[in-house]
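Subject: The model you asked about

Hi,

Here is the structure for you to open alongside this message. Have a look at it first, and then read on.

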Amino acid sequence: MGEKYVLGVDIGTTSTKAVLFSPAGKVIEKHGVEYPLFSPTPATAEQDPEVIFAAVIESIKETVAKSNVNAEDIVCVSFSSAMHSIVAVDKKGEPLTKCITWADNRSAHWAQKIMDEYNGHEIYLRTGTPVHPMAPLSKLLWLKEEHNELFSSVHKFVSIKEYVFYKLFHEYVVDYSIASATGMFNLRNLDWDEEALEVAGVTKDHLSKPVSTTHSLTGLDEKFAQETGLLASTPFVVGASDGVLSNLGVDAIDPGVVAVTIGTSGAIRAVTNKPVTDPKGRIFCYALTDDHWVIGGPVNNGGMIFRWVRDQLGEQEIQKAKELGKNSYDLLTEMASNVKAGAEGLIFHPYLAGERAPLWDANARGSFFGLGLHHKREHMVRAVLEGILFNLYTVLLALSELIGEPKKIKATGGFARSEVWRQMMADIFGQEVTVPESFESSCLGAALLGLYSIGEIDSLNAVSSMVGETHQHAPNEENAQTYQELSSIYIRLARLFKEEYANIAAFQEKQS
């Protein structure tokens, strides 16, 4: 046997990636396959589970083939996956529905009903998943009430990762991490929550067997062993969810270290050694391992809001970028950097796609507040960038209430490429911000969990030797003071607007 390698696979919302790592965390080879999201109505967000399964097989196959590594030198394959998905399957494991993703909003009415009539807050305190249309708990109630004929004929309700594992190993298992993102898994008992199942209208028999995130399966179906180029005896570690593994992959697992990610959407997460839920219901709590729990908040409105402002206000920059061979986003952040911190009193609430944390309000809508004749386009662009960060800062405040002030902030995602935006985060958060040198954090997190599972490493802290740092930003004191003053106004405004969000959302619906 030569050098040992580990394969991390991340089943994401828009693509599946497989990355082959050396034991030191060096990327040897990788391959990704994209797939579409079907949105025939504004509230629908589905995918074809068979297309995703094919993407998993192709990603592994291509990565193994391109790497020229011998199959016997791959010590394990370990998985990361997007959360909150549901596929209904029949007794043969064939899908009866598409994969209903976290972004599907069709159960919004039923999520509200769970909160108002079915003891939703108490269920959240035990299960760690805020009651929201993203959660499988809400989706199952919606299917039961509005599609009962289909619902009654279902053998199992599984996540996309469980669907993949069933096809590979003919066994239904769900890791504690994905289970803890369903809204139906009791964090303290590490088993399905009776009251939540009753609300959803299912029994334990309708769901997979919960297992630790370090649980592994062997005996890969021979057909897929041949197709992927792996040995049938290679251990497949069930792994965890993409969010918690991203924390591991950027070395944000020690107490007081907070990971902030801004991609299309965004999230703030920290690791604790026991489950923690919020009496005010603002944050999630998901499992990483039996003694690592990740708490935090996901936001809908991240980089996609920057794209919105570019498309609506940045026509000149888009054109100029083409002429100069530059990035239009870079030109916009450059323009925003010429405006003082606080955009001269212009505040932007970025709720263009409703909001999860900290509001948990699908009706939330965006707004500029404080507009005056002295404000120009560049003020609006700066206010948008600041607004996205103010929103994340309010989630950080909720986390701080529960586990204390963070000692270190690690920032990842597409936004981390922008020096202006990184500095803005340090100023708004009032803390030093570090950017880890890790581009495949969920895959690396999965690979590390896999190595830990099979005893190749004895602690997850081995990640610290694999992750370097690319940038550090200390807060500018003057800017930090400005933002402290503005963040108070930002938070008070959000509370004042809350009463009217449902009214404006109802009005917009009538107009559409």
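First, some ground rules. This is a predicted model, so to speak: local features need pLDDT of at least 70, side-chain atom pairs count only at pLDDT 80 or more, and totals for chains, interfaces and linings use all residues. Residues are numbered from 1 along each chain as its sequence is written, and side-chain values use heavy atoms, with hydrogens and water left out.

**Cores**

The largest nonpolar core has 122 residues, and Phe-157, Met-184, Ile-268, Met-425 and Phe-429 touch the most other members. A nonpolar core here is a set of buried Ala, Val, Leu, Ile, Met, Phe, Trp, Tyr and Cys residues joined through side-chain atoms within 4.5 Å. Buried means under 20% relative accessible area, exposed over 50%, and partly exposed in between (1.4 Å probe, protein chains only). Helix 14 (residues 377-403) supplies the largest share of this core, 14 residues. Helices (H or I, at least four residues) and strands (E, at least two) are DSSP runs, numbered from the N terminus. A second, separate core of 40 residues includes Val-9, Cys-99, Tyr-163 and Leu-217.

Once neighbours within four places in sequence are set aside, the contacts of Met-184 (heavy atoms within 4.5 Å) include Pro-136, Leu-137 and Leu-140.

**Cavities**

How many cavities of 30 Å³ or more does the structure hold? There are 2. On a 1 Å grid over the protein atoms alone, a cavity is a set of points where a 1.4 Å probe fits but cannot get out, while a pocket is an open set with protein on both sides within 12 Å along at least five of seven lines; lining residues have an atom within 4 Å of a point. Grid points are joined across faces, edges and corners, and a volume is the space filled by probe spheres set on the points.

- The largest cavity holds about 110 Å³. Of its 16 lining residues, Ser-85, Phe-157, Ser-159, Glu-162 and Thr-182 lie nearest its centre. Helix 4 (136-146) and strand 8 (156-158) each give two or more residues to this lining.
- The second largest cavity has a volume of about 70 Å³. Its lining includes Ser-85, Cys-99 and Trp-102, with 7 nonpolar, 5 polar and no charged residues. (Ala, Val, Leu, Ile, Met, Phe, Trp, Tyr, Cys and Pro count as nonpolar, Asp, Glu, Lys and Arg as charged, and the others, Gly among them, as polar.)

**A pocket**

Asp-254, Pro-255, Gly-256, Val-271 and Thr-272 lie nearest its centre, out of 21 lining residues. Helix 14 gives the most to this lining, with 4 residues, and the lining divides into 10 nonpolar, 7 polar and 4 charged.

**Cysteines**

A search of the whole structure finds 0 disulfides (pairs of cysteine sulfur atoms within 2.5 Å). For Cys-99, the nearest cysteine sulfur belongs to Cys-443, 18 Å away. Cys-99 counts as buried, at 2% relative accessibility, and Cys-285 is buried with a relative accessible area of 0%.

Best wishes
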